[in-house]
Amino acid sequence: MAQADTFQDIDALHREIDRAFENLVPFTGPFARMAFLPGRLARGYPLVNVHEDKDRLYVEAMAPGVDPASMNISVVHNTLTISGEKKGAPDEIKPEAFHREERARGKFVRTITLPVEIDDAKVGAEYTNGLLLIELPKSERAKPKQINVRVS
Amino acid sequence: MAEKTVPTPATTGSRSSNDMEVTRAQEHHVPPPVDIYETRDGLILLADLPGVSKENLEVHVDDETLTIQAKAQHKVPGQPIYREYELSNFFRQFEVGDQIDAEDIKAELKYGVLKLELPIAQSAKPKKVEVKVN
């Protein structure tokens with residue numbers, strides 16, 4: 001039995017390390033520009049927070065500098081996909097004119113699996129100060145049902 | 001533009017020393033990522049400031065130091081169930097030198113991105129010298 005536990009511990013540790021790297025916040029400091037490079041991190045932009053109340057889920061994405069016209073949001077069952085393009089400095093600026101170039105830029109797609117089914121007909125989105133707030137009403141089936149207990 | 005090595009506003013003297021003695025009262029500040037590039041008329045600075053509205057943004061130049069200070073705010077209804085980021089306040093300083101015309105800086109905030117236009121002072125612009133050939 002002791003042996004089995006050791007393997008479990010290693011497995012748990014392995015998962016922990018994986019998770020730590022997944023949660024690495026690459027959008028500030030020297031990592032800022034990695035967000036749009038191909039690979040694992042590319043699928044992590046934009047970062048999101050998820051809130052919940054009785055009837056709705058709220059997904060807030062941190063996406064400054066994205067033209068709302070380029071943004072595309074779609075919901076299928078419990079999967080939310082956000083895509084768009086973050087533009088940097090104008091293209092005609094020559095590389096040698098830059099003193100600093102730290103902001104991430106490029107096209108992005110992010111898919112998030114939500115904990116409940118969504119009524120995809122009533123999804124709303126709002127973009128203020130570089131934050132995208134998506135309002136997702138839960139589908140009727142996903143809402144908690146009150147069950148009355150009869151006393152006999 | 002050289003970056004000033006002033007890490008937090010607490011050291012700039014804009015706050016009283018009493019503030020620093022309050023445990024955990026210090027706000028968290030991060031330097032926003034910036035692009036800075038040169039055009040014919042001056043420098044353009046772009047900074048990502050998600051969650052910052054016009055009222056909460058402060059940009060000023062004194063003593064040849066450009067300071068960008070901003071407070072990020074957001075309001076999401078409901079209870080948090082999953083978190084990937086915290087909004088933090090922003091603070092960053094740059095040395096701009098005397099070649100920038102501090103009176104004529106233009107600022108624009110759009111989609112959470114600050115655009116600053118820092119024009120080069122007339123006296124610092126290259127002068128055209130006519131050379132007469134006999």
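The model is predicted. Contact between the chains involves 29 residues of chain B and 31 residues of chain A. A strand of chain A also pairs with a strand of chain B, in the antiparallel sense.

**Interface between the chains**

- Four strands of chain B each supply at least two residues of the side that touches chain A: β3 (34-38), β4 (42-48), β5 (52-62) and β7 (79-82).
- β3(B) gives the largest share of that side, with five residues.
- By class, the side of chain B that touches chain A holds 18 nonpolar residues, six polar ones and five charged ones.

**Strand pairing across the chains**

- Within β7(B), B:Tyr82 is the bridge partner of A:Val50.
- β7(B) is also among the strands that supply at least two residues to the side of chain B touching chain A.

**The three-stranded sheet of chain A**

- Chain A has an open sheet of three strands in the order β3-β4-β6, with antiparallel pairing.
- β3 (72-76) and β6 (106-113) of chain A are at the edges and have a single partner strand each, so one side of each lacks a neighbour in the sheet.
- Neighbouring strands of this sheet are turned by 10° against each other on average, direction ignored.
- β4 of chain A, residues 79-86, pairs with β6(A) over eight bridges.
- In β6(A), A:Thr111 is the bridge partner of A:Thr81.

**A:Pro64**

- A:Pro64 lies in the loop between β2 (56-62) and β3 of chain A.
- A:Pro64 has 26 other C-beta atoms within 10 Å, and the cut-off for a buried residue is 20 or more, so A:Pro64 counts as buried.
- A:Pro64 and A:Lys107 are 43 residues apart in sequence, and 13 Å separates their C-alpha atoms.

**Make-up of chain B**

- Chain B has one helix and ten strands.
- From the N terminus, its elements run β-α-β-β-β-β-β-β-β-β-β.
- Of the 134 residues in chain B, 25% are buried.
- Among contacts in chain B with a separation of 6 or more, 54% join residues 24 or more positions apart.

Terms used. Residues numbered from 1 in each chain as written. Chains lettered and ligands numbered in written order. Predicted model: local features only at pLDDT ≥ 70, side-chain atom pairs only at ≥ 80, totals over all residues. Contact = placed C-beta atoms within 7 Å. Nonpolar A, V, L, I, M, F, W, Y, C, P; charged D, E, K, R; others polar. Pairing = 2+ DSSP bridges. Axes fitted to C-alpha atoms, helices over the stretch in contact; angles between N-to-C directions. Buried ≥ 20, exposed ≤ 12 C-beta atoms within 10 Å, placed from the backbone.
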